[in-house]
Amino acid sequence: MFDIEGKVAFITGGLGGIGRAYVKELLKCKAKAVVITDIDDSLAEKFQEEVASEFGPNKTMFIKADARSTKELDDAMQKTVDVYKNLDIVIGNAGVLDEIDFVNTIDVNLIGALKLLYLAVDKYLPKYKSGEDAVLFNSASVSGINPVNVLPAYSASKHGLVAITRSLGRPEHYATHKVRIVTVCGTVTDTPMSHHFRAPKNYMDLYNPFHQQVLASMQTCESAAKAMILSITQGENGSVWFSEKDKPATVVKFPVLGEIL
Ligand SMILES: NC(=O)c1ccc[n+]([C@@H]2O[C@H](COP(=O)([O-])OP(=O)(O)OC[C@H]3O[C@@H](n4cnc5c(N)ncnc54)[C@H](O)[C@@H]3O)[C@@H](O)[C@H]2O)c1
């Protein structure tokens, strides 16, 4: 089992609802520090103060970075290892849910996650991990497994994260860099994203009758964070987890069809 105690973590989109819960849960598990990146720095100071009062000083460093920019991610990771010397856990969590600007949705959620992944797996984690093992985690979504009538682009981006996890989570990759890659597909979670998203009116007309039902079934950010911890501490390389309201996350089983390379 992977031990978070003493490890250095790095997160994108770390000031959003789920991101903030991830940061706190990592610190509850005694991570040495969490480097928080986000494109929006408006909550940075307040959240860092809150974390310092709960977990003590110098547990976080905030770096403003756009998850769509390889250079900004690279600079932030370099600063992480300059300051903390190690990097053990990388969390791709930046996300948007916008079916009108669907290019940006794919750009942040999928292309950005790939940019992060290649930096983490090829450049930083193998060189700077403090133990045998390092881990890369992506925030996917239940819409990465199930179809969602109103969210084709978002759903495509999250299916993509599942595909990336399963492709890069093959043993041949692990043998070369010793980085596990895991993901959680969480159900709707109580964050700003779930309450305010954009989709074409004809799609929203299909979704609106279900809106209250969806909101009533939301999980908390804390529940999402516990699922992340379970997957990074216990998840096999390439594993995809499912998390829903108030239940421990479980591993998703996929059918095996044809040859797998
Ligand atoms: N809310 C849900 O129901 C739910 C469910 C499953 C998975 N997720 C996923 O969890 C992750 C976090 O979502 P959330 O619900 O906390 O939403 P949120 O809107 O509260 O947080 C998203 C964060 O990503 C940041 N971000 C957006 N674009 C960025 C960019 N280009 N570069 C860097 N940061 C950027 C935002 O500033 C924000 O802090 C997302 O990937 C989301 O798709 C959400």
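## Val 150 and its contacts

In this predicted model, Val 150 touches Ala 199, Tyr 203, Met 204, Leu 206 and Tyr 207, when residues up to four places away in sequence are not counted. Val 150 itself is found in the loop that runs between strand S5 (134–139) and helix H5 (152–168).

Is Val 150 buried or exposed? Val 150 counts as buried because it has 20 C-beta neighbours inside 10 Å, and a residue is called buried when 20 or more other C-beta atoms lie within that distance of its own. Asn 138 is 12 residues from Val 150 in sequence, and the two are 22 Å apart in space, taken from C-alpha to C-alpha.

## The largest nonpolar core

The largest nonpolar core has 68 residues, and those with the most contacts inside it are Ala 9, Tyr 22, Val 34, Val 90 and Leu 136. Helix H4 (residues 102–128) gives the most to this core, contributing eight residues. In soluble globular proteins, nonpolar side chains tend to be buried together.

## The shell around the ligand

How many residues surround the ligand, and which are the closest? There are 27 residues around the ligand, and the closest are Gly 13, Gly 16, Ile 18, Gly 95 and Thr 191. Two or more residues of this shell come from each of helix H1 (17–28) and helix H7 (192–195).

By residue class, the shell around the ligand divides into 10 nonpolar, 13 polar and four charged residues.

How values were computed
Residues numbered from 1 in each chain as written. Predicted model: local features only at pLDDT ≥ 70, side-chain atom pairs only at ≥ 80, totals over all residues. Near = placed C-beta within 6 Å. Helix = DSSP H or I, 4+ residues; strand = E, 2+ residues; numbered from the N terminus. Nonpolar A, V, L, I, M, F, W, Y, C, P; charged D, E, K, R; others polar. Buried ≥ 20, exposed ≤ 12 C-beta atoms within 10 Å, placed from the backbone. Contact = placed C-beta atoms within 7 Å. Core = buried A, V, L, I, M, F, W, Y, C linked by C-beta atoms within 7 Å.
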